[in-house]
Amino acid sequence: MIRWRLKEVMARHDISVKDLAAALDVNPTAVSNLRKTEMPRINGAQLNALCLNLQRLSKLPEAITPADLIEYYNDDLAVRLARRQQASFEEPYPQPPEYRGGF
């Protein structure tokens, strides 16, 4: 499962919605919506601008990378369902019972 962590990164680095919106030259509502979404549709240039401005506004000396914003974790339920689905494709079709005549 993939999780968008902008809200957590902004809190950790003490960055406000208003400050990030001003740095990105967008409306604060756009940043607020970006924080709330599960996983935004964002291109490489936008992700780069977001990381650079988060780093510039950060009060901590550590770098902010796309890996800080996007988290992947193994969802056990999803993995089990995917394995079960794949196994069902690999099993041969069950053979019908042999016809022995009569009723």
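Colleague: Why is Ile-2 called partly exposed?

Modeller: In this predicted model, the relative accessibility of Ile-2 is 49%. The partly exposed class lies between the buried class, under 20%, and the exposed class, over 50%. Ile-2 therefore counts as partly exposed. The residue is found in strand E1, which covers residues 2-4.

Colleague: What makes Ile-2, Met-39 and Tyr-72 a nonpolar patch?

Modeller: A patch takes residues with over 30% relative accessible area and no salt bridge, and nonpolar side chains are joined within 5 Å. Ile-2, at 49%, is above that limit. Together with Met-39 and Tyr-72, Ile-2 forms a nonpolar surface patch with about 340 Å² of accessible area.

Colleague: Why is Ser-58 counted as buried?

Modeller: Ser-58 has a relative accessibility of 12%, and buried means under 20%, so the residue counts as buried. Ser-58 lies in the loop between helix H4 (44-57) and helix H5 (66-69). Leaving aside neighbours within four places in sequence, Ser-58 is in contact with His-13, Ile-15 and Ile-64.

Colleague: How do you know that the side chain of Ser-58 makes a polar contact with the backbone nitrogen of Leu-60?

Modeller: The side chain of Ser-58 reaches that nitrogen at 3.0 Å.

Colleague: Helix H4 holds both Gln-46 and Asn-53. Why is Asn-53 called buried, and why is Gln-46 called partly exposed?

Modeller: Asn-53 has a relative accessible area of 12%, which is under 20%, so Asn-53 is buried. Gln-46, at 44%, falls between the limits of 20% and 50% and therefore counts as partly exposed. Asn-53 touches Leu-20, Ala-23 and Leu-24, not counting residues up to four places away in sequence. For Gln-46, the C-alpha atom is separated by 9.4 Å from that of Leu-24, 22 residues apart along the chain.

Colleague: Which residues have the most contacts inside the largest nonpolar core?

Modeller: They are Leu-6, Met-10, Leu-20, Leu-50, Leu-54 and Leu-69, in a core of 15 residues. H1, H2 and H4 each supply at least two residues of this core, and its largest share, 4 residues, comes from H4. Beyond its neighbours within four places in sequence, Leu-20 is in contact with several residues, including Met-10, Leu-50 and Leu-54.

Colleague: What is the pattern of the protein chain along the sequence, and what percentage of its residues count as buried?

Modeller: The chain follows the pattern β-α-α-α-α-α-β-α, with 6 helices and 2 strands. Of its 103 residues, 18% count as buried. Its accessible surface comes to about 8,200 Å², and 54% of this belongs to carbon and sulfur atoms.

Technical notes. Residues numbered from 1 in each chain as written. Predicted model: local features only at pLDDT ≥ 70, side-chain atom pairs only at ≥ 80, totals over all residues. Heavy atoms only, no water. Patch = residues over 30% accessible without salt bridge, like charges linked within 9 Å, V, L, I, M, F, W, Y side chains within 5 Å. Areas by Shrake-Rupley, 256 points an atom, 1.4 Å probe, with all protein chains shown as cover. Salt bridge = Lys/Arg side-chain N within 4 Å of Asp/Glu carboxyl O. Buried < 20%, exposed > 50% of the residue type's maximum accessible area, 1.4 Å probe, protein only. Polar contact = N/O pair within 3.5 Å; in protein donor to acceptor, adjacent residues only side chain to side chain. Contact = heavy atoms within 4.5 Å. Core = buried A, V, L, I, M, F, W, Y, C linked by side-chain atoms within 4.5 Å.
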